[in-house]
Amino acid sequence: MEPLERYASLLSDFDAFRAACDRPLPSVVRVNTLKASVERAREALDAEGVAYEAADWHPGVLRLEERGPGTSWPYFHGWLHGQEEVSALPALALDPQPGEVVWDACAAPGSKTTQIADLMDDTGVLVGNDNNLGRLSALRHNAERLGVTNLAVTNQDARNFSFKPFGDRTEKDNRIEAFDRALVDAPCSCEGTVRKNPDALDRWSLEQIKGIVGIQKGILRRAIQATKPGGTVVYSTCTFAPEENEAVLDHVLSEEDCEMREWDAPEGFETDPGITEWNDDEYDPAVELAHRVYPHRNDTGGFFCAKLEVTV
Amino acid sequence: MSDPERDADNGGGDAGDEDTSGEPPENDGQQFDRLPETADERVVPGRPTREEVIDWWEQRYAVPPETWDGHTFWEKGNGKIWAFAASVVSPIAVEGLGMRILRARQEHWKPSTNAVQRFGREATKNVVVLDGEEATTFAKGEDQELPRWEGDWGYVIAAHEIPSDSEASETPRATGEAGDVEPIGVGLYLHGELRSTVPKGRREDLS
């Protein structure tokens, strides 16, 4: 795990960070309240003798003691969805409301998408996009299994996302020309998933990161352009690399009409602020409002999450 | 009367596809088209109407018509009917739009597993309530003898009771009336046998 040595300067408790990265992740499910209340899902797990512990920061996030989620009736009924605990953060930061028009730019396989649908009470329009046609079938499968009916699935390059299918520049009353909110859960170097995939860093290189940063910037810029003034855009990755996190935010803050917004992580979930200096680079001080999630703080995977508001 | 066994395996071909005269518009499998409200508004021959879809759920399963008040209905692919939670432009060229709820354009319409799990809770007719072992067999995708069923033949909603607390409750026998039960999926009941149509990707061994 040589690449992670880069972060020794960011962490006073680097040894604890390294030790956490070596531990496997607990198996976690999220309750899908479109189909069952948290209470009913938990009672059904109790009745089947499936042991779990609820995350203290979210009653619907359950850490299972043993077997995977695929072997219980509550899972079969779509009351539960296997989802890494930390990946429940961006949808909470996005805070989508029932009846809104929301974009998930990189949606497959749909854990965050279906959580957004749940928060919208399955109303309004949720556009789940992914450029990978093969992964779209997983997105559709998961959404339908969880009983989601407000999802429109598109297969576009998010950097050039077009509203054409939704009737933009027509006179139709129900055309869609902008989003109220957008989530960019960007493709990334996935350093933070090393607890789930021990070989996640095998192909790590600074060159690879440099290549992916261009895509991240392109998608986030398009999300800001496609969102109404006053609307919310959330940017998240599952990596620690500042090049893919704060540097991307710094770029859009200077290039697009947007500002960083403060967002409090859920009570009981500990995060670190975004960093404003890395190697020889300095970033816009506002990126401190972003959240870095290190694996040893909450016994989760690694993550990065930032909330932006679109300005006029 | 066609045979529902054959319909179940019908890959999608239907006489409407053969019409190449170009005169009446045909279903376009590349886009979603909103269903007409009633037969008077029908333009594409053979396309079910919203009224017909709602009536079908009510007549077959006694799902109350108001269940669908918040949804629009669409066709993509021949006879594949989708329910979407909002109104968007029609036609719309997207990869998915809400949930596929039904296969129509065949003698015996077939609901989808996902639709039955989501909307079948409202059903009070043609609901086969299974006991623990039967439910497990069904979820595995296996067929089983079920001579006690006295309701209609054809596509039924298979359901079971999920204990709401740790005390195991008495499982009701199939009466065609669903009480506090949870739909599992779609069964095809024929000749005393309940066939499971749970798709491969949804089957689980829960024994």
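How many helices and strands does the secondary structure of chain A come to?

## Overall architecture

This report describes a predicted model. The secondary structure of chain A comprises 9 helices and 15 strands. With a radius of gyration of 19 Å, close to the 20 Å that the globule rule gives for 312 residues, chain A is as compact as a globular protein of that length. Along the principal axes, its C-alpha atoms fill a box of roughly 60 × 55 × 35 Å.

Of the 312 residues in chain A, 52% count as buried. Among contacts in chain A with a separation of 6 or more, 75% are made by residues 24 or more positions apart.

## Division into domains

The domain assignment of chain A gives two entries: domain 1, made up of residues 2–24 + 85–310, and domain 2, made up of residues 26–83. The C-alpha centres of domain 1 and domain 2 of chain A are 24 Å apart.

## The contact between the domains

In chain A, 18 residues of domain 1 are in contact with 14 residues of domain 2. On the side of domain 1 that touches domain 2, the elements giving two or more residues are α5 and α6 of chain A. Helix α5(A) provides the largest share of that side, 5 residues. By residue class, the side of domain 1 of chain A that touches domain 2 divides into 6 nonpolar, 7 polar and 5 charged residues.

## Helix α5

Helix α5 of chain A covers residues 111–119 and is mostly covered, with 9 of its 9 residues buried. The buried residues of α5(A) include the charged residues Lys112(A) and Asp118(A), and also Ile116(A), Ala117(A) and Leu119(A). Ser111(A), Thr113(A), Thr114(A) and Gln115(A) in this helix are buried as well. Just after α5(A), Asp121(A) adopts a positive phi of about 55°.

## Helix α6

Helix α6(A) has 13 residues and reaches 19 Å from its first C-alpha to its last, close to the 18 Å expected at 1.5 Å a residue.

Which residues are buried in α6(A)? They are Leu136(A), Leu139(A), Arg140(A), Asn142(A), Ala143(A), Glu144(A) and Arg145(A). Following α6(A) is Gly147(A), which has a positive phi, near 80°.

Note on methods:
Residues are numbered from 1 along each chain as its sequence is written. Chains are lettered from A and ligands numbered from 1 in the order in which they are written. This is a predicted model: local features need pLDDT of at least 70, side-chain atom pairs count only at pLDDT 80 or more; totals for chains, interfaces and linings use all residues. A residue is buried if 20 or more other C-beta atoms lie within 10 Å of its own, exposed if 12 or fewer, and partly exposed in between; C-beta atoms are placed from the backbone. Helices (H or I, at least four residues) and strands (E, at least two) are DSSP runs, numbered from the N terminus. The radius of gyration is taken over C-alpha atoms; the globule rule is 2.2 Å times the number of residues to the power 0.38. Two residues are in contact if their C-beta atoms, placed from the backbone, lie within 7 Å. Domain bounds come from an automatic or database domain assignment. The expected span of a helix is 1.5 Å times one less than its number of residues.
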